[in-house]
Amino acid sequence: MIVARQIYAIVRKDLLLELRAREQVAGMGVFALLTLVTFNFAFDLTGADRAASGSGALWVAIMFAGLLGMGRAAAIERQQGAWEGVLLSPADRGTIFLGKLASGLLFIGIVDALALVLFTALFALPVLRPMVLLVVGLGTVGFGTLGTLFSVMAATTRAREVLLPVLLFPLALPVVISSVRATTLLLTERQAEVGPWISLLLGFDVLFLGIAYLVFGHAVEE
Amino acid sequence: MASRITQRPGDLWGRALGWLSAVLVALSVAMIFLYVPSDQVQGVVQRLFYIHLPVAWLAYLSFFIIFLSSVVYLARRQPRWDRLARSAAELGFVFTTIVLLTGSIWGRPIWGTWWTWDARLTTTLILWFIYLAYFMLRAYVSDPERAARYAAVLGIVGFVDVPIIHMSVRWWRTLHPQPIVVRAEGPAMPESMLLTLAVTMVAFMVLYLFLLVEKYRIERMKDELAELRLRHSG
């Protein structure tokens with residue numbers, strides 16, 4: 001239970017900070033919206049076959065916004081030695097990881113919700129369905145897990161904004177592929193084929209949650 | 001000082017491996033160009049295969065070495081495991097580049113295109129990107145101890161990820177039409193081809209081992225030099 005309380009304390013801190021400074025969610029949301037609008041010009045998202053490219057646009061918007069948010073979150077921790085304070089707390093490193101992941105997922109989750117609603121409104125595609133929401137949830141967890149681990153590492157390097165996507169995108173490729181595929185299948189009414197993709201996402205999430213939990217302590221030794 | 005460095009026990013092994021790999025690589029080049037017959041269907045360009053396959057295996061082996069030495073490094077924190085990971089990473093990057101290039105050169109006349117988004121090609125390309133990320137990560141961290149830790153974390157996460165990447169790309173491809181990829185595995189290879197492949201395989205493994213030993217030696221010297229500089233300036 002102490003672990004749950006420690007996670008809650010970290011999430012509460014991040015939430016409080018966000019409510020006062022408003023440096024993350026608003027920016028991420030606007031960025032996601034702009035990505036969707038830009039995609040509308042880059043690809044034709046009005047035709048009958050828009051479901052296929054539409055899910056790609058949705059996921060690019062979510063992932064780019066998530067990337068931006070996680071990079072920002074790690075940079076905020078670096079200001080005025082905030083991160084040292086977190087590390088000095090009695091919570092062990094794995095718990096700190098879970099806390100940072102939870103608040104990261106909370107922020108990306110808000111952006112997910114926003115992006116899904118806007119996506120439905122702008123492109124008239126029925127994404128607000130339980131199965132699509134499940135895929136969005138699983139994809140966000142997988143992307144967020146690797147993102148939380150790497151953003152903390154990238155934040156201490158010289159080229160942090162450049163390094164985070166270079167680390168994250170190749171390794172998150174299975175999440176990208178399976179989320180986009182699963183969403184496309186669901187939007188084109190081919191529910192029967194979606195099973196393997198959801199299992200792949202689930203397996204990815206469980207595996208990398210475990211690995212990130214274990215190695216996080218090595219990444220944040222200061 | 002100089003004499004102490006040249007008289008380390010590893011050096012004799014390094015030199016022996018160097019000569020052995022020179023002889024074996026010369027032998028495999030002779031076999032590839034003079035001994036083995038040209039493929040009836042694919043022609044001369046098929047001879048690239050004898051280099052392509054061993055190099056591909058070694059590119060993946062490098063990643064395995066990085067993974068193992070990263071795990072040991074994080075557990076024990078001895079710099080030599082990081083040096084080994086560093087050395088294997090550089091070889092792995094070079095070998096992955098060679099795999100992509102030889103594959104591309106072969107693919108042009110056989111498939112009619114330099115590149116296709118086939119599962120194995122895509123996985124190798126992503127592996128190349130992970131190697132690239134590994135070097136960038138190291139380059140952008142100033143503190144060597146921290147660079148080693150970060151690289152080890154990436155080495156572990158990346159190695160576990162590669163099979164999943166391969167699986168996801170394969171599913172992605174099989175659910176898509178494959179217009180150009182010729183997947184004719186063909187009948188078993190004739191004996192002369194198998195023999196050439198075996199010799200080349202051994203030659204490249206010895207060459208790999210030689211390069212790894214030498215690279216490790218250079219990395220150790222670099223570390224010693226950095227330490228000496230630090231001691232004299234501080």
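Let's start where the two chains meet: 23 residues of chain A are in contact with 25 residues of chain B, contact here being C-beta atoms, placed from the backbone, within 7 Å. Before I go on, a word on the source: this is a predicted model, where local features need pLDDT of at least 70 and side-chain atom pairs count only at pLDDT 80 or more, while totals for chains, interfaces and linings use all residues. Residues are numbered from 1 along each chain as its sequence is written, and chains are lettered from A and ligands numbered from 1 in the order in which they are written.

Back to the meeting of the chains. On the side of chain A that touches chain B, α7 (160-171), α8 (173-187) and α9 (195-219) of chain A each supply at least two residues. When I say helix, I mean a DSSP run of H or I with at least four residues, and a strand is a run of E with at least two, each numbered from the N terminus. Which helix gives the most to that side of chain A? It is α9(A), with 8 residues. By class, this side of chain A has 17 nonpolar, 3 polar and 3 charged residues. In that count, Ala, Val, Leu, Ile, Met, Phe, Trp, Tyr, Cys and Pro are nonpolar, Asp, Glu, Lys and Arg are charged, and the others, Gly among them, are polar.

Let's stay with α9(A). This helix has 25 residues and reaches 35 Å from its first C-alpha to its last, close to the 36 Å expected at 1.5 Å a residue; the expected span is 1.5 Å times one less than the number of residues. There is a kink of about 30° in α9(A), centred on Tyr213(A), where the bend is the angle between axes fitted to the seven residues ending at a residue and the seven starting there. Buried residues of α9(A) include Trp197(A), Leu200(A), Leu201(A), Phe204(A), Asp205(A) and Phe208(A). Buried means 20 or more other C-beta atoms within 10 Å of a residue's own, exposed means 12 or fewer, and partly exposed is in between, with C-beta atoms placed from the backbone. An α-helix has 3.6 residues a turn, so residues three or four places apart point the same way.

Now chain A as a whole. Chain A has 9 helices and 0 strands, and 46% of its 222 residues count as buried. Why does its radius of gyration fit a compact globule? Because a compact globule of 222 residues would have a radius near 17 Å, and chain A has 18 Å, which agrees. That radius is taken over C-alpha atoms, and the globule rule is 2.2 Å times the number of residues to the power 0.38. Along the principal axes, the C-alpha atoms of chain A fill a box of roughly 55 × 35 × 30 Å. Of the contacts in chain A between residues at least 6 apart in sequence, 81% join residues at least 24 apart.

Two loops in chain A are worth a look. Arg22(A) is in the loop between α1 (2-21) and α2 (25-42), and its phi is near 50°, a positive value in a residue other than glycine. With 10 C-beta neighbours inside 10 Å, Arg22(A) counts as exposed. Gln80(A), in the loop between α3 (50-78) and α4 (82-88) of chain A, also has a phi near 50°. Gln80(A) has 9 C-beta neighbours inside 10 Å, so this residue counts as exposed. Most residues other than glycine have a negative phi.

On to chain B, with 7 helices and 0 strands. Buried residues make up 32% of its 234 residues. Helix α5 (residues 119-140) of chain B has 22 residues, which should span 32 Å at 1.5 Å a residue; its end C-alpha atoms are 31 Å apart, which agrees. Among the buried residues of α5(B) are Ile126(B), Leu127(B), Ile130(B), Tyr131(B), Tyr134(B) and Leu137(B). Ala139(B) lies in helix α5 of chain B too, but counts as partly exposed, with 13 C-beta neighbours inside 10 Å.

Over in helix α2 (residues 9-35) of chain B we find Leu27(B). With 16 C-beta neighbours inside 10 Å, Leu27(B) counts as partly exposed. Leaving aside neighbours within four places in sequence, Leu27(B) is in contact with Val199(B) and Ala203(B).

Last, the core. The largest nonpolar core has 117 residues, and those with the most contacts inside it are Ala115(A), Leu167(A), Ala85(B), Leu137(B), Val153(B) and Leu154(B). A nonpolar core is a set of buried Ala, Val, Leu, Ile, Met, Phe, Trp, Tyr and Cys residues joined through C-beta atoms within 7 Å. Not counting residues up to four places away in sequence, Ala85(B) touches Ile66(B), Ser69(B), Ser70(B), Tyr73(B), Ala151(B), Ala152(B) and Gly155(B).
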